[in-house]
Amino acid sequence: MDIDSIDAALPTKGSSLNVIDDGRKDTKNVMGVAIPFVDLGGNSGMKEGRTDEERQAGLEWWGANKGKAPKEVVFMYPWDRGGGGAGGAVYVTAGDLERLEPGKLLSDSLVMFGIKLALTAVNKRNKRVFESVHVFSNFFYNKLKTEGYGKVKKWTKGVDIFTKDVLLIPVNEGKHWFLALIVDPGRSVEIDDCERTSKDSSMQTRTLIITLDSVGYCHNALWDRLGEYLLDEAREKRGCEVVKPAGKCDLKVAWQMNGWDCGLYVIHFTEMILSNMKYYKDMMRKATEDTDAPQWEMWKVQEVLGLREKLIQEASRAGRGYEAWRSERGDIAGDWNGEQDVEVIETE
């Protein structure tokens, strides 16, 4: 089946989709793997801005590179170590690329690659928004949970988190990905007088700690731990006490119909927030007034259906860009020691 016949068979926006299966109408077989071809428009529409030939070439690049030795580095992103947003580069291996097959969990590297793509895009589009957000490493929360604040306090060296609009924290617990956010962290400290206690306890005026979980798990322990983190960070970096407790909310975004797409939702939620920061901040605050109301439409969760191909196509583009960059610089194999197969964005 060629791309034209695949696109002709695609469902229209708002229509139902088949469950992923070999031979279904909205897939293309690439080296024995059924890849969904979904064009729903919005952030994840693949056909817009990319020709059929380019799509085909991207799939072929992916098919060739995912078959290499699992630990072989295929590319790093950003290869120039500038403009990627959340610290250093992420290394993507052949084993990571294989995890873009339907039915497989995304690796740490793929999730951070997707997040860095979103950061790079917003950095080019809107520098103010880029500078108003801080994205933590996917290792941050587990390090905080297991070893305490002392092990992560240097991870924000040179960054005042209390001046940011949103802190984004990708979390992987028990092989399940979800996204934690701290909205308006500066509201949790009294900037002018660190000893003065605010009497305003409204959810609309407080810092919010929010979780977006595609299967709907509750994360009470995380809420408490991040609240303690804000207190420790204010003491360490500002010499202040956090005097207004953060509001906590688990938004109803559960949509995931399988056990492996959770990492895609983390990337998608990040893309949505960065695409329209003011809108999503306002909507998240309104959502705290009715925590039982579903938030599916607001977050355009149907667009996740096209995200695996999006990552394949972007990996193809990044891989080719990386190779061109290497050619210009000469052999840079020494930049990677062969042992690290995921990114470490912040260090102690």
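User: Where is I115 found?

Analyst: I115 is in helix α4. Keep in mind that this is a predicted model.

User: Is I115 buried or exposed?

Analyst: Buried. Its relative accessibility is 1%, and the cut-off for buried is under 20%.

User: What is I115 in contact with, leaving aside neighbours within four places in sequence?

Analyst: I115 contacts V135, P170, V266, I267 and T270.

User: How far apart are I115 and T270?

Analyst: In sequence, 155 residues separate them. In space, their C-alpha atoms are 6.6 Å apart.

User: Now α6 and α7. What is the crossing angle of their axes?

Analyst: Roughly 85 degrees, and the axes of α6 and α7 come within 11 Å. The range for roughly perpendicular is 65 to 115 degrees, so α6 and α7 are roughly perpendicular to each other.

User: Which residues make the contact?

Analyst: F140, Y141, L144 and K145 come from α6. A221, L222, R225, L226 and Y229 come from α7. Seven residues of the contact of α6 with α7 are nonpolar, none is polar and two are charged.

User: How many residues does α7 have, and what does it reach from end to end?

Analyst: Helix α7 runs over residues 220-238, which is 19 residues. From first C-alpha to last it reaches 27 Å, close to the 27 Å expected at 1.5 Å a residue.

User: Which residues of α7 are buried?

Analyst: L222, W223, L226, Y229, L230, E233 and A234. Seen down the axis of α7, the buried residues fall within an arc of 130 degrees, so they line one face of the helix.

User: What covers the buried residues of α7?

Analyst: The cover includes helix α6 (140-147). It also includes strands β6 (166-173), β7 (176-183), β8 (208-212) and β9 (247-251).

User: What comes just after α7?

Analyst: G239, with a positive phi of about 65 degrees.

User: Which lysines have a positive phi?

Analyst: K175 is one, at about 65 degrees. K300 is another, at about 50 degrees. Most residues other than glycine have a negative phi.

User: Where are they, and are they buried or exposed?

Analyst: K175 is in the loop between β6 and β7. K175 is exposed, with a relative accessible area of 67%. K300 is in the loop between α10 (296-299) and α11 (307-329). K300 is partly exposed, at 38%.

User: Last one. Which residues does a cis peptide bond join?

Analyst: Y77 and P78, with omega at about -10 degrees. P78 is in the loop between β3 (73-77) and β4 (90-93).

Notes
Residues are numbered from 1 along each chain as its sequence is written. This is a predicted model: local features need pLDDT of at least 70, side-chain atom pairs count only at pLDDT 80 or more; totals for chains, interfaces and linings use all residues. Side-chain values use heavy atoms; hydrogens and water are left out. Helices (H or I, at least four residues) and strands (E, at least two) are DSSP runs, numbered from the N terminus. The expected span of a helix is 1.5 Å times one less than its number of residues. Buried means under 20% relative accessible area, exposed over 50%, partly exposed in between (1.4 Å probe, protein chains only). The arc is that of the directions from the helix axis to the C-beta atoms. Contact means heavy atoms within 4.5 Å. Axes are lines fitted to C-alpha atoms, for helices over the stretch in contact, and angles run from 0 to 180 degrees between N-to-C directions. Angles under 35 degrees count as roughly parallel, over 145 as roughly antiparallel, 65 to 115 as roughly perpendicular and the rest as oblique. Ala, Val, Leu, Ile, Met, Phe, Trp, Tyr, Cys and Pro count as nonpolar, Asp, Glu, Lys and Arg as charged, and the others, Gly among them, as polar.
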